[in-house]
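Here is a short briefing to read with the model open beside you.

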Amino acid sequence: MEAEIIRWTLDLYNGDKDTCGIMTSGGTESIMLAMLAYRVEGLKERGVTKPNIICSETAHCAFDKAGFYFGIEVRRIPMGKDTFLADFEAMKRAVDSNTICLVASSPEYAFGNYDPVEKIASLAQSWGIGCHSDCCLGSYINPFIEELGYPLAEIFDFRVPGVTTISCDPHKYGYGPKGASILMFRSKKLRQYQLYVNSEWNGGIYATTCIAGSRPGSVIAGTWASMLK
């Protein structure tokens with residue numbers, strides 16, 4: 001069931017054969033685990049020991065929570081006074097060699113606006129770092145905007161080359177029970193950075209795909225049933 005939910009959501013967000021995902025308890029956990037993946041990737045691939053992420057002041061508080069849990073500096077840049085969008089020029093000035101991820105909200109909670117995802121993702125690519133598209137609020141409305149004949153404010157999914165992770169909640173407009181979210185990765189390599197496996201414990205192998213050790217299967221089953229319907 002879980003694999004089907006993830007695959008359906010990846011298809012909606014224009015994933016391909018290389019994209020993958022995990023199911024979490026909500027958008028906050030999806031965002032936190034995405035930031036954890038970038039932190040571990042930054043440490044292992046580039047030796048970053050004082051990581052930072054950059055997001056607009058309108059980005060969800062889950063990014064601050066990730067910073068608190070995982071020791072990541074969160075650099076919040078101002079929104080444009082007239083546009084209420086992330087100030088792209090301010091974001092460019094905030095990036096440095098310790099930056100592990102740029103964040104784009106698609107849309108953000110405060111005003112319902114879409115950050116300039118393509119510009120932010122392109123900037124991330126130029127630095128060789130990740131870009132997270134937070135689609136938790138748009139979730140299962142986002143993929144149908146164009147199909148319903150409305151213009152997109154921004155392309156927010158895996159069609160944007162520099163977007164490397166996306167968060168999306170089936171409990172928002174997918175009619176899943178509360179406590180269901182999908183974290184999508186452009187590559188399996190990036191996903192492995194947030195997995196936890198301990199093979200040295202004397203109780204046997206302990207491995208988890210997300211923060212919780214035990215998870216309620218009823219939420220997964222309920223989400224699968226609602227999406228299938």
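Predicted model: local features only at pLDDT ≥ 70, side-chain atom pairs only at ≥ 80, totals over all residues.

**Salt bridges**
- The whole structure holds 11 salt bridges.
- Arg-75 turns up again here, in a salt bridge with Asp-96 whose closest N and O atoms are 2.9 Å apart. Arg-75 lies in strand E3 and Asp-96 in the loop between helix H4 (88-94) and strand E4 (99-105), so the pair ties together parts that are 21 residues apart in sequence.
- Both partners are partly exposed: Arg-75 has 22% relative accessibility, and Asp-96 has 23%.
- Asp-169 and Lys-172 form another salt bridge, with 2.5 Å between the closest N and O atoms. Asp-169 is buried at a relative accessible area of 0%, and Lys-172 is buried at 17%.
- Glu-73, Arg-75 and Asp-96 belong to one network, joined by salt bridges that share partners.
- Lys-17 and Asp-18 also meet through their side chains in a salt bridge, at 3.5 Å from N to O. Lys-17 is exposed, with a relative accessible area of 68%, while Asp-18 is partly exposed at 38%.

**Helix H2 and what follows**
- Helix H2 runs over residues 27-46, which makes 20 residues.
- From its first C-alpha to its last, H2 reaches 28 Å, close to the 28 Å expected at 1.5 Å a residue.
- Just after H2 comes Gly-47, with a positive phi of about 70 degrees.

**Surface and interior**
- Where would you look for a nonpolar patch? Leu-195, Val-197 and Ile-205 form one on the surface, and together they have about 300 Å² of accessible area.
- Leu-195 sits in the loop between helix H6 (188-192) and strand E8 (196-198), and is partly exposed with a relative accessible area of 36%.
- Is Met-184 buried or exposed? Met-184, in strand E7 (residues 181-185), is buried because its relative accessible area is 0%, and buried means under 20%.
- Met-184 and Val-40 are 144 residues apart along the chain, and their C-alpha atoms are separated by 17 Å.

Key: Residues numbered from 1 in each chain as written. Heavy atoms only, no water. Helix = DSSP H or I, 4+ residues; strand = E, 2+ residues; numbered from the N terminus. Expected span 1.5 Å × (residues − 1). Patch = residues over 30% accessible without salt bridge, like charges linked within 9 Å, V, L, I, M, F, W, Y side chains within 5 Å. Areas by Shrake-Rupley, 256 points an atom, 1.4 Å probe, with all protein chains shown as cover. Salt bridge = Lys/Arg side-chain N within 4 Å of Asp/Glu carboxyl O. Buried < 20%, exposed > 50% of the residue type's maximum accessible area, 1.4 Å probe, protein only.
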